[in-house]
Amino acid sequence: MPGQRSWLEVRWRQARNPPPPVLRAVLANLAVAIVGGVALLAYDVLLTRGAALPGGDLRTPLSALYLLVVMAAGSLLTYLWVELPTGATGVRRRSGWAALLGLFASLPVGYLVLVGLFQVVRPLLGV
């Protein structure tokens, strides 16, 4: 019988072998958040450098739209990508729980992408 693993060993093993549904939810949200975050950063850089864009300064509404898009797209992509195991071969089932997993994963992922882009990448661009 194997010995009891320490808390750190258990967490390290979980980090190295994440459950596929959780990994897929995070990757779907990360892809959407990066694309939207880069577009938001490009808009911010253009405004900072004095470009005259139609509509004026729309950073606040665009940031809210970014978060809503990340939440909706991450939820939808997770719903489509994460399937419930059935045991039967070739049978695929989807659940609203997968969409909920994507929704909950989208908030921290979207926030961390914005922090990374605006606190790390933006200063590197010299803006």
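Three salt bridges are present in the structure, a salt bridge being a side-chain nitrogen of Lys or Arg within 4 Å of a carboxyl oxygen of Asp or Glu. The model is predicted, so local features need pLDDT of at least 70 and side-chain atom pairs count only at pLDDT 80 or more, while totals for chains, interfaces and linings use all residues. Residues are numbered from 1 along each chain as its sequence is written, and side-chain values use heavy atoms, with hydrogens and water left out.

**View 1. Asp-44 pairs with Arg-59.** Side chains of opposite charge can pair when their charged atoms come close. In the salt bridge between Asp-44 and Arg-59, the closest N and O atoms are 2.6 Å apart. This pair links distant parts of the chain, with Asp-44 in helix H2 and Arg-59 in helix H3, 15 residues apart. Helices (H or I, at least four residues) are DSSP runs, numbered from the N terminus. Asp-44 counts as buried because its relative accessibility is 5%, whereas Arg-59 is partly exposed, with a relative accessible area of 30%. Here buried means under 20% relative accessible area, exposed means over 50%, and partly exposed lies in between (1.4 Å probe, protein chains only).

**View 2. Asp-44 also forms a salt bridge with Arg-122.** The closest N and O atoms of Asp-44 and Arg-122 are 2.7 Å apart. Distant parts of the chain are again linked, since Asp-44 belongs to helix H2 and Arg-122 to helix H4, 78 residues apart. Arg-122 is partly exposed, its relative accessible area being 21%.

**View 3. Asp-57 and Arg-59 form a salt bridge.** Their closest N and O atoms are 2.9 Å apart. Asp-57 is partly exposed, at a relative accessible area of 48%. Salt bridges link Asp-44, Asp-57, Arg-59 and Arg-122 in a network.

**View 4. Helices H2 and H3 pack together.** Two packed helices are described by the angle between their axes and the distance between the axes. Axes are lines fitted to C-alpha atoms, for helices over the stretch in contact, and angles run from 0 to 180 degrees between N-to-C directions. H2 and H3 pack at an angle of about 160°, and their axes are 8 Å apart. H2 is therefore roughly antiparallel to H3. Angles under 35 degrees count as roughly parallel, over 145 as roughly antiparallel, 65 to 115 as roughly perpendicular and the rest as oblique.

**View 5. Helix H4 packs with H2 and with H3.** H2 and H4 (residues 96–124) pack at an angle of about 40°, with axes 8 Å apart. This makes H2 oblique to H4. For H3 (residues 59–81) and H4, the angle is about 140° and the axes lie 7 Å apart. H3 is thus oblique to H4.

**View 6. Six residues form a nonpolar surface patch: Leu-23, Leu-27, Leu-30, Ile-34, Val-38 and Trp-81.** The patch covers about 500 Å², with accessible areas taken from the Shrake-Rupley method with a 1.4 Å probe; for residues, only the protein chains shown count as cover. Patches are made of residues with over 30% relative accessible area and no salt bridge: like charges are joined within 9 Å, nonpolar side chains (Val, Leu, Ile, Met, Phe, Trp, Tyr) within 5 Å. Helix H2 (residues 20–48) gives the most to this patch, with five residues. Leu-27 is found in helix H2 and is partly exposed, with a relative accessible area of 39%.

Methods. Helices (H or I, at least four residues) and strands (E, at least two) are DSSP runs, numbered from the N terminus.
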